[in-house]
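Student: I would like to learn how to read helix packing and a few other features from a model. Can we work through a case?

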Amino acid sequence: MSNVLEKGNISIHTENIFPIIKKSLYTDHEIFLRELISNSVDAISKAKMASLAGEFSTDLPEPEITLAIDKEKKTLSISDNGIGMTVEEVKKYINQVAFSSAEDFITKYGKDANELIGHFGLGFYSAFMIAKQVEIDTLSYREGSTPVHWSCDGSPEFELTESSRTTPGTTITLTVLDEETEYLEEARIKNLVKKYSDFVPVAIKMDGETVNRQKALWKESPQNLTDEDYLEFYRYLYPFQEDPLLWVHLNTDYPFLLNGILYFPKLRPDVDVTKGQIKLFCNQVFVSDHCEEVIPEFLMPLRGVIDSPDIPLNVSRSALTNHRTVRRIADFITKKVGDRLKSLYTDNKSEYISCWEDVGTFVKYGALRDEKFKKQVEDLIIYRTTYQADKNADKPKVEIDSGDDAWAQVEEENNQPFVTLKEYLERNKEKHENSVFYCTNPQTQSTYVDLYKNQGIEVLFMDSFIDTNYFIPFLEREYNEVKFSRVDSELDSSLVEEDKASDIVNPNTNKTRSEEIKEIFETAINKPKVNIKTQSLKAEAQEETPPAMVLLPEAMRRLQEMTAMMQQREMKFPDEHMLVINTSHPLIENIYQLNKGAIIQGSGESNTQEMVNMMCQHVYDLALMAQRAFDAEGMTAFVERSNNVLTKLTQR
């Protein structure tokens, strides 16, 4: 029988804190293993430091932590060959520090303990969440130390006896509660090691097999790593995902200690960009999947790892947001992301463009949310454009850091020209100074885009969700002297030419041709809220222009879009809009001449007049289709009218 060194009660003021520990401390009881393994790693680290200081006469063995399960005895043990403890140290660190800290912790946080990110340094008492008895067998490396056995059955009583242990180190044995027997399953324990302790720098063994990865890539020097190293690590963290676009290696030791690797993933429609994918570590021990309080909101879609012992883990999530060090860490991460984007933009424009479809969302959102980040990236924001450089003409003088030649080469390689806003404004200041024409939907607005292209007017594509709803208004505030016009909002004067024939007055009606065409369409469409305007569109061949176009004035459309967004509904196509009739188009001239014939035949609606009305309505429908899809009723009417028009045409 072992000699009893001491029996007694743990000195606590809270009336029996153990039931609170077992049931109320954390929602996830599984973190007990993370805490106990972290303590073992700490003990091994202390042994190494003491040995280097010459405090031990023997050499240290290869450091390792061993996990063992005994299903018959219902025990789980965690063993290490770290520094171990003397009798006095057990009394101090277990009976006094651990449990007094536990009491302080529960008194301070009570039911809010689950709101904490983690609580390292108090790991030992977490064992009581899943154990009805906890035992410690330990032997210090210090010469003359007595091996110690400590046990506690979940009450304030403990017992200290001599242990039979012969090798320095510590073993903690948990007799598992009946309702916690999942922790006697080998697969469950291995999964917990992989989740929480995969990257601790000590081998964790079970049944003779090392079950953790150990090597933390983010602790390595970037100079020693290849692209494949980064990609392999990403695939390990996020299996079955597409490879990332690019990454940022974080490494600083002043004014705080921080390491990490952040990846820009390819954005998919099913990815919730508001939920963090970055894993938070503390000294290579996993803490949380949620970094919302540490990472700026606009970087939430990034993935990877952040490891910092300077992030306070023993405070509530709400307190983290305003913590000074956390704010500085967030600023540092933001700056490093901006630096990485700038270096890619400068050094490899082709790769930058290939990443832009996904990266652009991060950059634009960041510019909206963070003034410092905006200043870093404002000259890196690019837009797809209709501009095609004339290979034989002199290249325009555009003042950009890398030179226009670089962009031309990139455009040729990618077959998709891109431009910054400053370049666009500089290139077009003679044609339309301080005016930007943009497209938000290349499919539905293709007719309008072609009209601008045919007149040599450059159009920018601002066709992402963030552009339409947030970024264009942001640009208008940043460039308050610049006018931004969507291609379907109005017709620039350069797109319209004088139509002398339309100014000739018909002596029979005392109206000009333009007035008569407008009247024909007003009668046929019969929609007072549709503002009909007649203009001649400029073109080398009028057959290449549309016979009519529906325009939505910029201010009115913006108001409708904002209202729809605030009400969380889709924007309805406004009843009030403009219909521009292209008086130079052959179809409009044919309708005009056909209508003349209908008037000559007398009063009452003739077959010819019916045909005129149907064709006017058909022209209007075709113009509408460039703006919106028809509902079921509208499509039915359009198909019926099309069939009627074709039938009447084939009867002639």
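Student: What is the handedness of the crossing of α7 and α8?

Tutor: The crossing of α7 and α8 is left-handed. Keep in mind that this is a predicted model.

Student: Which residues make the contact of α7 and α8?

Tutor: On the α7 side they are L341, L344, Y345 and D347. Helix α8 contributes K349, E351, Y352, V359 and V363. By class, the contact of α7 with α8 has six nonpolar residues, three charged ones and no polar ones.

Student: At what angle do the axes of α18 and α19 cross?

Tutor: The angle is roughly 135 degrees, and the axes come within 10 Å. Helix α18 spans residues 607-625, while helix α19 spans residues 632-651. That angle makes α18 oblique to α19. The crossing of α18 and α19 is left-handed.

Student: Which residues of α18 and α19 make the contact?

Tutor: From α18 come E610, M611, M614, Q617, H618, D621, L622 and M625. From α19 come F638, R641, S642, N644, V645, K648 and L649. The contact of α18 with α19 divides into seven nonpolar, four polar and four charged residues.

Student: Moving to cysteines, how many disulfides does the structure hold?

Tutor: The structure holds zero disulfides. A pair of cysteine sulfur atoms would have to be within 2.5 Å to count as one.

Student: Is C282 buried or exposed?

Tutor: The cut-off for buried is under 20% relative accessible area. C282 has 11% relative accessibility, so C282 counts as buried. C616 also counts as buried, because its relative accessibility is 0%.

Student: What share of the chain do buried residues make up?

Tutor: Of the 652 residues in the chain, 50% are buried.

Student: How many helices and strands does the chain have?

Tutor: There are 19 helices and 25 strands in the chain.

Student: What share of contacts join residues at least 24 apart in sequence?

Tutor: The share is taken among contacts in the chain between residues at least 6 apart in sequence. Of those contacts, 71% join residues at least 24 apart.

Note on methods: Residues are numbered from 1 along each chain as its sequence is written. This is a predicted model: local features need pLDDT of at least 70, side-chain atom pairs count only at pLDDT 80 or more; totals for chains, interfaces and linings use all residues. Side-chain values use heavy atoms; hydrogens and water are left out. Buried means under 20% relative accessible area, exposed over 50%, partly exposed in between (1.4 Å probe, protein chains only). Axes are lines fitted to C-alpha atoms, for helices over the stretch in contact, and angles run from 0 to 180 degrees between N-to-C directions. Helices (H or I, at least four residues) and strands (E, at least two) are DSSP runs, numbered from the N terminus. Angles under 35 degrees count as roughly parallel, over 145 as roughly antiparallel, 65 to 115 as roughly perpendicular and the rest as oblique. A crossing is left-handed if the near helix is turned anticlockwise from the far one by less than a right angle, and right-handed if clockwise. Contact means heavy atoms within 4.5 Å. Ala, Val, Leu, Ile, Met, Phe, Trp, Tyr, Cys and Pro count as nonpolar, Asp, Glu, Lys and Arg as charged, and the others, Gly among them, as polar.
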